[in-house]
Amino acid sequence: MPLDLPHLSSLEARVTRSRWQALKLGGLVLLCLAWVALGLIGHAPWKGEDARTIVIAWEMVNTQDLLTPSLIGEPYFVYGPLVAQLAALTMKMATPWLAPHDAARLAAGLLLLVMLGGVSLAGRELGRYHNKNGGKAQRWLPMLILIGSVGLFERAHQLSPQLGLMAAIALGMWALALALRRPGFAGVLLGGALTLGAFSYNLAAWLWLLLPALLLPCLHSGWRQKSYWATLGIALVLATVLCALWPLGLYQRSPELFAQWWAVQSPSVWWSGQRIFEHLGWLGRNLPWMAFPAWPLILWLVWIRARGFNGGFRTPQVVLPMCVAAAGVVALLLAPDVRPIEAMVLLVPLALLASIEVETLPRGGSAGLDWFGILTFGLTAIVLWFFWWDAYINGLGSYAAELFRDAEVGYQPTFRLRAALVSLFLTVLWILLVRPARQSNQRAVLNWAVGMMLIWGLVATMWMPYVDSRRSYEVVAKMLRPYAANGCVASRDVGEAQRAIFYYYAQVKTLPEQEAAAATCPLLLVQYGATDRQNVPALEGFEMLQSGSRYGDDTEMYVLYRKAES
């Protein structure tokens, strides 16, 4: 019987293509895992939500109380307890092998994985209604755009309640997309997303998801089916029941605790609406750099769809992420304060929106993004390698110290084999990936994401000791540690995050000077600014004990005083 050569050739081609797809899939998974893992461990708690959340989790472990989050021994209800509870769990499980703050930050990695998985599944589900390949092309693009977002460069790897909200929004978008096909499961998933957002962040998470859920039927017929209202009903019932468990637990323990929680979580507190125009200006100034490269791709989407191509704006692919992004803007405008760590939540729907028309991007546009990324990340990597090698041989020079805004000249890093190997591997991987190859729009997005991971990887490995020494408050805490036995320490102009770090490292409980209990404290810790560093003022009725600041920091100065004996 003669051999069927065409059939064998076709079979071999399919096998080869399948192996290549499996290899490509494995590479993309490795890329996502590497981006999540880099920078999670190996540094102290940093000022901001990272320090607050880690100390709350640390106190949960010490007190064995997961119900009532506390910061420096006082109930803390600004955000929900779920992220701190998850961090307490990872801290308890991994502390024998990792420092408590590094173990707690593993929870941030888990939330990042949920966020990437949720936005990927949402992209694939929405792609079913547009792409011939069943949405597979949209599976990776939103993830790559998120990984490459400038606004997530460092903040995504700090433990914060905002990470829980980002994961909830990603799962909520997947649920709303899935409601067109599987309404029952979508309802359960949406209810879980609402609960995750409320318990991780606060009740504002419902605005991020419920407002677009109610707008969708007005904008697309697919969400006007009776089954969709069943989805919303299931989600609301499930979320209401689950979200009531923690406040009821607080009320059962102490009505005063419940009253404190409601005083902070009440919508009238964080939806005042008094600074809308100020927040709008802030978003206009900061979103262009935070949302790069998403916003140029969104502009291209608007240009294409406004001309009626690919179904215009009335497609599920566009309507859903646009509604979620609009709801996010409303939530940020109504919030009492807007910061980069709050605004980074908006990058989740923007990444999904930016991925829609990547395939139709003109060759010149994708090539421009690709070459801009190659030049930017290549030159930055060269600078980082050169300065590290020069600092390792000669110590950090004055020119580098001025460039890095560092007041300390002569910093000399130690050689760490593991960090050096990881940095070298990331550099070689980036060179191999951006080598001249078949140009495509997806490849341009991939190259940008890999370039962003390269720079973050270099910072998180060989440069992390330098960055951590400049951002860690451990040296200031050591100054306070000998006085921990003296009781409480009053504080003046000391931020909440710094107070939490001092409590974590030195077990020194600092009380704001405005509180009545602070009047009995024998010591006073004062934070001065840059103008007071050269001439620290004397305080009447106090004698100076110690002074100190972070390495290379010329913006903060801490002075410890003791009440003078009368």
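Two strands count as paired if DSSP finds at least two bridges between them, where strands (E, at least two residues) and helices (H or I, at least four) are DSSP runs numbered from the N terminus. In the predicted model shown here, Gln527 has Tyr558 of β7 as its bridge partner. That bridge can be set in the pairing of strand β5, residues 523-528, with strand β7, residues 557-563, which run antiparallel and are joined by six bridges.

Because the model is predicted, local features need pLDDT of at least 70 and side-chain atom pairs count only at pLDDT 80 or more, whereas totals for chains, interfaces and linings use all residues. Residues are numbered from 1 along each chain as its sequence is written, and side-chain values use heavy atoms, with hydrogens and water left out.

The sheet to which β5 and β7 belong is open and has five strands, in the order β4-β3-β5-β7-β6, with mixed pairing. Its edge strands, each pairing on one side only, are β4 (510-512) and β6 (542-548). From one strand to the next the twist averages 30°, with axes taken as lines fitted to C-alpha atoms, for helices over the stretch in contact, and angles running from 0 to 180 degrees between N-to-C directions. Helix α23, residues 496-506, lies across β3 (489-492), β4, β5 and β7, and runs at about 160° to β4; contact here means heavy atoms within 4.5 Å.

Elsewhere, Val29, Leu33, Leu110 and Leu113 make a nonpolar surface patch of about 300 Å². Such patches consist of residues with over 30% relative accessible area and no salt bridge, nonpolar side chains (Val, Leu, Ile, Met, Phe, Trp, Tyr) being joined within 5 Å and like charges within 9 Å; a salt bridge is a side-chain nitrogen of Lys or Arg within 4 Å of a carboxyl oxygen of Asp or Glu. Helices α1 (5-37) and α4 each supply at least two residues of this patch. Val29, in helix α1, counts as partly exposed because its relative accessibility is 35%, the limits being under 20% for buried, over 50% for exposed and partly exposed in between (1.4 Å probe, protein chains only).

Helix α4, residues 100-127, also holds Leu121, which is partly exposed at 37% relative accessibility. Leu121 and Arg139 are 18 residues apart in sequence, and their C-alpha atoms are 6.4 Å apart in space.

For the protein as a whole, the secondary structure comes to 23 helices and seven strands, and buried residues make up 53% of the 566 residues.

How values were computed: Accessible areas come from the Shrake-Rupley method with a 1.4 Å probe; for residues, only the protein chains shown count as cover.
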